[in-house]
Amino acid sequence: RINNNLMQNAANIAASRSDENKQRMNASKSQYMTLSLQLNNSISNLVTINGDPVNQTSTAKLLRLRLGSHLTFSEHVNSAICKTRSAVHGLLTLKRHGVKEDSLIKFYQARILSILSYAAPGWYTYTSQLSKDAPERHQSLCLRMIYLSINSYTERLAKANITRINELLSAKCIHYATKVANTPSHRLNHLIPPQQSQVAKHSKRLTDRRVLRPRTSLYSKSLFSVLT
């Protein structure tokens with residue numbers, strides 16, 4: 001369980017600083033969230049502000065990203081899909097009114113794909129495979145609405161000239177990481193580990209191989225000792 005005293009002290013400090021700035025925190029409009037990898041990350045007692053209890057939440061929204069209390073982004077994926085429901089309905093309406101397929105693809109990319117891929121470097125690599133598959137299924141559903149006569153998802157992707165959404169999000173993450181690594185003045189540059197060339201990686205593998213090479217008498221008499 002989370003230490004209740006630490007949480008309450010943090011709430012008291014926040015309230016006192018608000019009072020110093022001639023402001024007053026409203027407990028009914030405030031929430032707190034505990035971050036932990038434990039399944040049970042609740043606290044034993046309530047956290048209060050000026051004697052009023054504060055509700056606990058399991059997700060927090062920061063820069064339009066939803067972070068869960070277990071440091072997961074599954075809630076963000078679900079929220080992004082929910083945000084596109086009205087656009088999916090609009091896509092179906094446009095299809096019924098005879099809008100051309102090329103225009104429907106542009107509508108999908110502008111109104112749906114942009115939401116699903118928003119800030120991908122910030123959450124995609126920290127998401128479980130189950131959550132990663134949800135946007136892929138959502139894209140498959142949208143393309144099925146556009147191309148009713150095509151049954152294969154791969155064929156629909158080729159017809160629309162777009163890639164799988166997981167490949168798109170992975171490419172966005174790699175592009176952003178490469179940009180940060182190549183920009184020394186970037187505030188995240190020091191967090192990117194140095195990249196090794198393929199020659200260096202191969203040399204390291206050969207070195208490790210030599211270290212792990214068996215030195216038995218049977219091995220020295222075999223053909224493998226000559227080949228290696």
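This is a predicted model: local features need pLDDT of at least 70, side-chain atom pairs count only at pLDDT 80 or more; totals for chains, interfaces and linings use all residues.

Residues are numbered from 1 along each chain as its sequence is written, and side-chain values use heavy atoms, with hydrogens and water left out.

**Helix packing**

Two packed helices are described by the angle between their axes and the distance between the axes. Helices here are DSSP runs of H or I with at least four residues, numbered from the N terminus; their axes are lines fitted to C-alpha atoms over the stretch in contact, and the angles run from 0 to 180 degrees between N-to-C directions.

| Helix pair | Angle | Axis distance |
|---|---|---|
| α6 and α7 | about 70° | 10 Å |
| α3 and α4 | about 170° | 10 Å |

The angle of about 170° makes α3 roughly antiparallel to α4, a description used for angles over 145 degrees. In this pair, residues including Leu91 and Leu94 of α3 and Phe107 and Ile112 of α4 make the contact, where contact means heavy atoms within 4.5 Å.

Glu136, Gln139, Ser140, Leu143 and Arg144 in α6 meet Tyr153, Arg156, Leu157 and Ala160 in α7.

**Nonpolar cores**

A nonpolar core is a set of buried Ala, Val, Leu, Ile, Met, Phe, Trp, Tyr and Cys residues joined through side-chain atoms within 4.5 Å, and buried means under 20% relative accessible area with a 1.4 Å probe, protein chains only. The largest such core has 32 residues, and Tyr108, Ile112, Trp123, Leu143 and Ile146 have the most contacts inside it. Among the elements that give two or more residues to this core are α4 (101-116), α6 (129-146) and α8 (165-181), and α4 gives the most, with 7 residues. A second, separate core of 8 residues includes Met7, Ala15, Val47 and Val54.

**Glutamine 8**

Glutamine 8 is found in helix α1 (residues 4-20), and this residue is buried, with a relative accessible area of 15%. Leaving aside its neighbours within four places in sequence, glutamine 8 is in contact with Leu46, Val47 and Thr48. The side chain of glutamine 8 reaches the backbone oxygen of threonine 48 at 2.9 Å.

Terms used. Buried means under 20% relative accessible area, exposed over 50%, partly exposed in between (1.4 Å probe, protein chains only). A polar contact is a pair of N or O atoms within 3.5 Å; within protein, one must be able to donate a hydrogen and the other to accept it, and residues adjacent in sequence count only if both atoms are side-chain atoms. Angles under 35 degrees count as roughly parallel, over 145 as roughly antiparallel, 65 to 115 as roughly perpendicular and the rest as oblique.
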